[in-house]
Amino acid sequence: MLIEVILHSSFFIRPSLMNLDSLIRPNIRAMKPYASARDEFQGTAQVMLDANENSLGSVGPQAFNRYPDPLQRAVKAEVAKLKHVRPEQIFLGNGSDEAIDLLLRLTCVPGQDSIAILPPTYGMYEVAANLNDVAIERIPLTGDFQLSAEVINKVLASDAKVVFLCSPNNPTGNLLHQDAIEQILRGFRGIVVVDEAYVDFADAPSWTTRLDEFANLVVLQTFSKAWGMAGLRLGMAFASAELIGYLNKIKPPYNISEATQQHAFAGLRDAARFEQMRQELLTGRAWLQQQLPAVGIVEEVFPSDANFLLVRFRPDATAVYEYLLGKGIVVRNRTTQPGCAGCLRLTVGTPAENEQLLEALQQFA
Ligand SMILES: *Cc1c(COP(=O)(O)O)cnc(C)c1O
């Protein structure tokens, strides 16, 4: 019993051995964040004359004359309930893309530090690195888009400040093996970002369930995919309260608009609609997975845990892409991505859209 307690506690003490402060840029550790009017005064008062707002109201049909909550407390309380995390473990960004950018700026000194990415993967990691003058170390996934022992060893040997693991991966659709991610979390010296934009379509638990074990873990999720709110621009980052505190320190004070906070709050309370759409998209994915292999020009349909399918076409995927465009159907041409020669990425649509896509492909074949 005593041994069990000791083992158990040492297990939880281990992650705190990683010194988060040593990964934060010195200028950010030293800086004082902007203190907004709404940071200094929270709550409701009779007379609000602290923020140079327009007390008369707004133009247009809805009142948005007050600055929004900088820390989005109401939305985070709902997210915390849903994801079984504490509000202090949640950061909300103007899309996950803002969280990606802030994580880079938090840790990487421009012109000096690097991030690691595992191609083929989401394009924004590279764009954010280029924007911030941060070097990119590319460690390609295996031919079946996985983390082999060799890939893991390269990540563990890296001096990068952040490694981005996208699971389910975009554009390939597959989950990365859980034990491989765990090895990286235990051995990598920087921050490990697991981008779970598509986790709601996956047959696996979220890494948010492991947050308390790994001080270097950041999990990204978004309202843009399964929640159907891409137009709002709202992304989530989950991490230790300490790391979230740093993200809050450097974010633009009012990064999430009042309109977005209101819509997200309402959406989070509509779990039934979320689940209904999720099931419909999963059904659509299964239908396309079943139908596509019989189409003559389809060489391979890769397994997917996301709301899209990576499909290899023969003999000429770009010709298929152009043909679909001519029919008014836009898909994503991924033929130039490493390991994705001949591949298009097809998003699962409505049942009617899926049928239209399949019919067009059958006609081409
Ligand atoms: C779509 C997507 C996102 C979402 O980005 P937002 O800025 O939240 O819309 C993040 N990561 C990956 C891998 C994606 O495919």
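These legends describe close-up views of a predicted model.

Local features are given at pLDDT of at least 70 and side-chain atom pairs at pLDDT 80 or more, while totals for chains, interfaces and linings use all residues. Residues are numbered from 1 along each chain as its sequence is written, and side-chain values use heavy atoms, without hydrogens or water.

**View 1. The shell of residues around the ligand.** By class, the shell holds four nonpolar, five polar and four charged residues. Here Ala, Val, Leu, Ile, Met, Phe, Trp, Tyr, Cys and Pro are nonpolar, Asp, Glu, Lys and Arg are charged, and the others, Gly among them, are polar.

**View 2. Polar side-chain atoms at the ligand.** Asp-195 places a polar side-chain atom 2.7 Å from a ligand nitrogen. Thr-222 has a polar side-chain atom 2.6 Å from a ligand oxygen. For Ser-224, the distance from a polar side-chain atom to a ligand oxygen is 2.6 Å. On its own the ligand has 390 Å² of accessible area, and the protein covers 94% of it. Areas come from the Shrake-Rupley method with a 1.4 Å probe.

**View 3. Packing of helices α4 and α10.** Helices are DSSP runs (H or I, at least four residues), numbered from the N terminus. α4 spans residues 73-83 and α10 residues 258-268. Their axes, lines fitted to C-alpha atoms over the stretch in contact, are 9 Å apart at an angle of about 25°. Angles run from 0 to 180 degrees between N-to-C directions. The two helices are therefore roughly parallel, a label for angles under 35 degrees. The crossing is left-handed: the near helix is turned anticlockwise from the far one by less than a right angle.

**View 4. Packing of helices α11 and α13.** α11 covers residues 271-291 and α13 residues 351-364. The angle is about 15°, with the axes 10 Å apart. That makes this pair roughly parallel too. Its crossing is right-handed.

View 5. Strands are DSSP runs of E, at least two residues. Ser-167 and Pro-168 are joined by a cis peptide bond, omega about -5°. The bond from Asn-170 to Pro-171 is also cis, with omega near 15°. Most peptide bonds are trans.

Definitions and conventions
A residue is near a molecule or strand if one of its heavy atoms lies within 4 Å of it. A polar contact is a pair of N or O atoms within 3.5 Å; within protein, one must be able to donate a hydrogen and the other to accept it, and residues adjacent in sequence count only if both atoms are side-chain atoms. Angles under 35 degrees count as roughly parallel, over 145 as roughly antiparallel, 65 to 115 as roughly perpendicular and the rest as oblique.
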